[in-house]
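Try each one before reading its solution.

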Amino acid sequence: MAELQLRSVEKTYGNGYKAVHGIDLDVEEGEFMVLVGPSGCAKSTTLRMIAGLETITGGEVRIGDTVVNDLVPGKRGIAMVFQNYALYPHMKVTKNLSFGLRLKGVAKPRIAAATDEVSGILEIEQLLDRLPKQLSGGQAQRVALGRALIKSPDVFLFDEPLSNLDAKLRASMRVRITDLHKRLRDEGRPATVVYVTHDQVEAMTMGDRICVMKDGRIMQVADPQTLYARPANAFVAGFIGMPEMNLVDAVLTRDGGVPQLTVAGQTVAVRDGLAGRITAADGPVRLGIRPQHLDVVDPDAADAFTGEITTTEFLGHEVNLHVRLGGEPLVAVTPADDTTTALGRGDRVGLKPRGAKVHLFAPGDEGENISLGTH
Amino acid sequence: MVDATDMVPATAASREPATMLAPKKKRPSRAGAIVRYGLLIVVGLVMIYPLLWLIGASFKTNQEIFSTPWFWPQNPTFQGYIDGWQTSTPYTFGRFFFNSLCIVVPKVIGTAVSSTLVAYGFARFDFPGKKLLFGVLIATLLLPDVVTRIPQYLLFRELGWLDTFLPLFVPQWFAWEAFFVFMLIQFLRAIPREMEEAARVDGANTMQTLIFIVVPMLKPAIISVCLFQFMWTMNDFLGPLIYISSVENYPISLALRLAIDTTEAFNWNEILAMTVLALTPSLVVFFIAQKYFIEGIATGGVKG
Ligand SMILES: Nc1ncnc2c1ncn2[C@@H]1O[C@H](COP(=O)(O)OP(=O)(O)OP(=O)(O)O)[C@@H](O)[C@H]1O
Ligand SMILES: [Mg+2]
């Protein structure tokens, strides 16, 4: 019910460690924003600064029109769901749900009505008389969700809420949370959400937009499609997508307008879909190509790299081919048919990159994407 | 967790093979158990016999007490209790019980409240000089009691608190017993902070978090603290001996000695009877709170 703004937010911990290096982030009202990144990239730190559980050592956090830097968590209009549920162990589910409202001195009948509504939405009516230790993980997480929901906060904060659940339950909770978000939006009380996860499936399926972080910095903020199709740099490209995007060192040259890529001594011309997008001069680059965008062709075919298979992974409908190209490993995903399933270790194959799907990055782990065109 | 532990015997039982071997295998372990428990019972009896003797002897006549080591009284009598209760002073023993209560209750409450506050501060907050202060706190653990007796006496004399109960419980209102503070800190460290953070997000301030969230989770440890303090205070002899001078203010521990002092021929049955009475509160309280007591000592008994 309010937008959230981070303006050059920094965090230096008491021990002098600088975890967050000036983050700018705008989350619109009713938006589902996912923070994703590898372990230790300060997702939790950022979320906890928004919540008020960590002090903000630089910059500004705004919720709605208010700068909340110096407000205690209870006054920020937020609710948080923790990874370990953090239910109050000595209170029954009802009391867990209503603790915040009781502290605020809300009248009993209103608390009862709110509890009814929330437990109905989350299907926890039959659990109301239980203690947290009598709940399964999924049930406990639903109660934790209810405890956030009952306060109708301006901003919902989630810190890896599903990571303690098994895969099946995680999938169903994922749907439940996104459904709930849509439902609140349809009911005209949209909830602004910041959701931390390290699981890219959660990120891609749940987020309206995704904020990819690394080492306390934002790498890219975009909707899932953009993130996948137009990664801003090599880190984002490698982080999003399964299996990981192939990233190999290459040298870019041009032959009469046709870009040529040299990888491990093999030079391949990329004829369509790339030339117009390149925004850098010739020279060393990182070639990024998703395994799904490498077509398996005959060895030594034109415009294709040729390498030797090291491993094949048969997945039923697809086969993952791990190929060595000189020193560079490449992975290709190809539909399982008679020819591809017959391939084995030691066989030579040709891999032809689809021009429209080729990405070029400046050298380095976080090399900027130099194949996004000029707009 | 509860489910998991409940499951164990069930699966173990179902896994036992229904073969002829099973009962044979079991027999030696049963014999072993008999030996083990037999030994434990014997040792336990040896330990508890003095107590049994004490209780038995309190129902004996004065002559019988030293004539047989057997604890069971031949002609049980309440005379020891009746005479002992009257005491050789103008006050009944009830007065001394009341005096003890006047010390124990404020002392136990003060200890629990102040130790919890201090432990919460040390365990959950960062403040300048925290390390130093914590070091000082722990250092007092190593300080022998005797060293502070005289300065304390002088202090309380200046305050005009001699022959009152105040010196016996006021210090405890200021987290006097570092041991308890330390015990609570250790217990708190084993409790994840997330519950408290959730409470803060729910709008609780520091005090509300302490009262509504931390204290309930600390309950087993706090009960242990209360129990220890209760038992130590009931048994404390030196403290009252130093500060209490008039008989009307005597707590039980001093009153028991009174009986020994004043009579030339000791009425042992009276003394023993009153000793039994003096023991009763501690025993009763201990057995009521036993469950929490053990939970509290086994630090880290928190679901992780
Ligand atoms: N209290 C603290 N004092 C000092 N450094 C800390 C503290 N808490 C976290 N850090 C450091 O800050 C960095 C970011 O931590 P944070 O918990 O935010 O990571 P994260 O992205 O949530 O990782 P994860 O996915 O593992 O939860 C880490 O390098 C961590 O070691
Ligand atoms: Mg984290």
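**Exercise 1: the cysteines**

Cys41(A) is buried (under 20% relative accessible area, with over 50% exposed and anything in between partly exposed; 1.4 Å probe, protein chains only), at a relative accessible area of 1%. This is a predicted model, where local features need pLDDT of at least 70, side-chain atom pairs count only at pLDDT 80 or more, and totals for chains, interfaces and linings use all residues. Side-chain values use heavy atoms, leaving out hydrogens and water.

Task: find how many disulfides there are over all chains.

Step 1. Take the cut-off: a disulfide is a pair of cysteine sulfur atoms within 2.5 Å. By that rule, the count over all chains is 0.

Step 2. Check Cys41(A): its nearest cysteine sulfur belongs to Cys211(A), 8.7 Å away, and Cys41(A) is in no disulfide.

**Exercise 2: two helices of chain B**

Task: work out how H9(B) and H11(B) are oriented to each other.

Step 1. Get the geometry: H9 (residues 178-189) and H11 (residues 206-235) of chain B pack at about 155°, axes 10 Å apart.

Step 2. Classify: angles over 145 degrees count as roughly antiparallel, so H9(B) and H11(B) are roughly antiparallel.

Step 3. Look at the contact (heavy atoms within 4.5 Å): Phe179(B) and Met183(B) are among the residues from H9(B), and Val214(B) and Trp232(B) among those from H11(B). The contact residues split into 15 nonpolar, 2 polar and no charged.

Conventions:
Residues numbered from 1 in each chain as written. Chains lettered and ligands numbered in written order. Axes fitted to C-alpha atoms, helices over the stretch in contact; angles between N-to-C directions. Helix = DSSP H or I, 4+ residues; strand = E, 2+ residues; numbered from the N terminus. Parallel < 35°, antiparallel > 145°, perpendicular 65-115°, else oblique. Nonpolar A, V, L, I, M, F, W, Y, C, P; charged D, E, K, R; others polar.
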